[in-house]
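Welcome! Let us walk through this structure together, one step at a time.

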Amino acid sequence: PNAAAGNGSLMRTAAVALANLGDDEAIAESAHAVSAITHGDPLAGEACVLWCIAIDRAVREARLDGVRDGLDLLPWERADFWRARLDEAETRAPATFSPNGYVVTALQAAHAAISQTPVPADGPACRHLQDALEAAVRIGHDTDTVAAIAGQVRGARWGASAVPTAWRRPLHGWPGFTGTDLVRLGVLTARGGVPDELAWPEATTLLPWARNAEPTRVCVEVPDELVGDVGGRLVAGNLPGLPGAVDRGADVVISLCRVGRRDVPAAHADGRPVEHVQAWLTDTDGTGDNPNLDFVVADLVDVVTDRLAAGLTVYVHCVGAHSRTPLLIAACSAALVGLPATEAWERLRGLLPVQDHNRAFADLRARLTATDGAAT
């Protein structure tokens with residue numbers, strides 16, 4: 001084993017960091033141990049320590065420069081070596097770090113892509129994730145490895161909700177895992193393997209809980225006056241209304257809340273596939289509860305618009321259809337027919353059990369209205 005192949009150990013550091021968040025000593029010990037399974041060169045272990053600390057700081061402190069905090073966990077002479085390498089990554093052109101099959105240059109390439117790609121001043125800041133990933137790939141050579149390494153820190157900083165649906169949809173791997181499974185495993189790892197009070201994200205179904213919380217099933221077609229004649233059908237409702245929507249032929253289900261792993265079938269009885277898009281929206285009003293709200297809603301509007309144009313039936317739901325579902329429908333209305341989102345929201349009161357209790361959602365509706373119905 002040698003450091004030249006140490007990229008592989010760097011690529012699997014995210015799980016080590018998530019499993020030990022807030023405990024630097026445990027992170028360092030685990031990073032060395034996991035790296036040593038396949039790579040005996042100390043450089044590989046040191047790189048993993050630095051990168052795991054960077055991931056920890058991105059998750060807990062929303063920082064992209066946490067890699068330098070890891071220097072304190074290395075012997076002083078090794079810290080000096082890596083400090084100089086980080087200085088190079090922050091000051092030299094990213095293309096300098098190619099070829100990058102060597103663990104040191106791989107880390108430098110990833111750090112250069114992160115540190116030298118500006119956070120967008122206009123539009124959602126979380127687009128930094130996409131911009132910096134593109135910068136990592138453009139460095140060249142071992143592009144998949146460098147992008148994977150860089151993506152760990154950027155994903156830790158901006159969250160799963162910053163990854164566009166179009167990027168998540170094609171993800172697949174053994175044993176049949178998808179992008180949704182990666183989110184599930186990431187949540188469980190960060191929670192020490194313990195699901196939440198509803199057994200999410202491991203629960204097979206959340207329908208019994210939802211039916212108890214929301215006894216009335218809601219599943220209504222959105223009228224053309226709100227979305228126009230777009231080819232497909234847009235249906236809105238709540239989680240208890242989900243089975244009925246699927247039974248009536250929904251081709252796409254967009255879930256804006258927690259769902260069970262088997263609540264949305266992969267296909268209809270006749271074999272037609274059911275596309276399931278899961279978004280990360282929280283119907284709470286605390287600061288930072290929905291840090292990428294504008295981006296997530298705009299991304300979902302694009303998904304709805306694309307699927308409707310293809311003549312598909314799209315079912316949008318949250319737990320009760322009180323806030324998240326009408327927010328997305330109002331945003332779709334703004335994009336599809338130019339109806340101000342605040343007006344669309346009011347018209348939805350007769351169709352859905354709309355409730356005004358989320359200031360962040362209200363602020364987004366106002367922004368969509370202020371831009372004459374154009375999606376943010």
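Predicted model: local features only at pLDDT ≥ 70, side-chain atom pairs only at ≥ 80, totals over all residues.

Residues are numbered from 1 along each chain as its sequence is written, and side-chain values use heavy atoms, with hydrogens and water left out.

Let us begin with strand β4, residues 233–238. Helices (H or I, at least four residues) and strands (E, at least two) are DSSP runs, numbered from the N terminus. Of the 6 residues in β4, 5 are buried, so the strand is largely enclosed by the rest of the structure. Here buried means under 20% relative accessible area, exposed means over 50%, and partly exposed lies in between (1.4 Å probe, protein chains only). Two strands pair if DSSP finds at least two bridges between them. Strand β3 (residues 219–221) pairs with β4 in the antiparallel sense over 3 bridges, and Cys219 has Gly237 of β4 as its bridge partner.

Now to the charged side chains. Side chains of opposite charge can pair when their charged atoms come close. A salt bridge is a side-chain nitrogen of Lys or Arg within 4 Å of a carboxyl oxygen of Asp or Glu, and the count comes to 33 salt bridges. One of them joins Arg78 and Glu46 (3.0 Å, N to O). Arg78 lies in helix α5 (residues 76–91) and Glu46 in helix α4 (residues 42–61), so the pair ties together parts that are 32 residues apart in sequence. Arg78 is partly exposed at 24% relative accessible area, whereas Glu46 is buried at 7%.

Another salt bridge brings Glu275 and Arg307 together (2.8 Å, N to O). Glu275 sits in strand β6 and Arg307 in helix α14 (residues 293–309), 32 residues apart. Glu275 is buried at 14% relative accessibility, and Arg307 is buried at 10%.

Our last stop is Arg261. Its salt bridge with Glu202 has the closest N and O atoms 3.4 Å apart. Arg261 is partly exposed, with a relative accessible area of 34%. What does Asp181 touch, not counting residues up to four places away in sequence? Asp181 touches Gly176 and Arg261, where contact means heavy atoms within 4.5 Å. Asp181 belongs to helix α10 (residues 179–190) and is buried at 13%.
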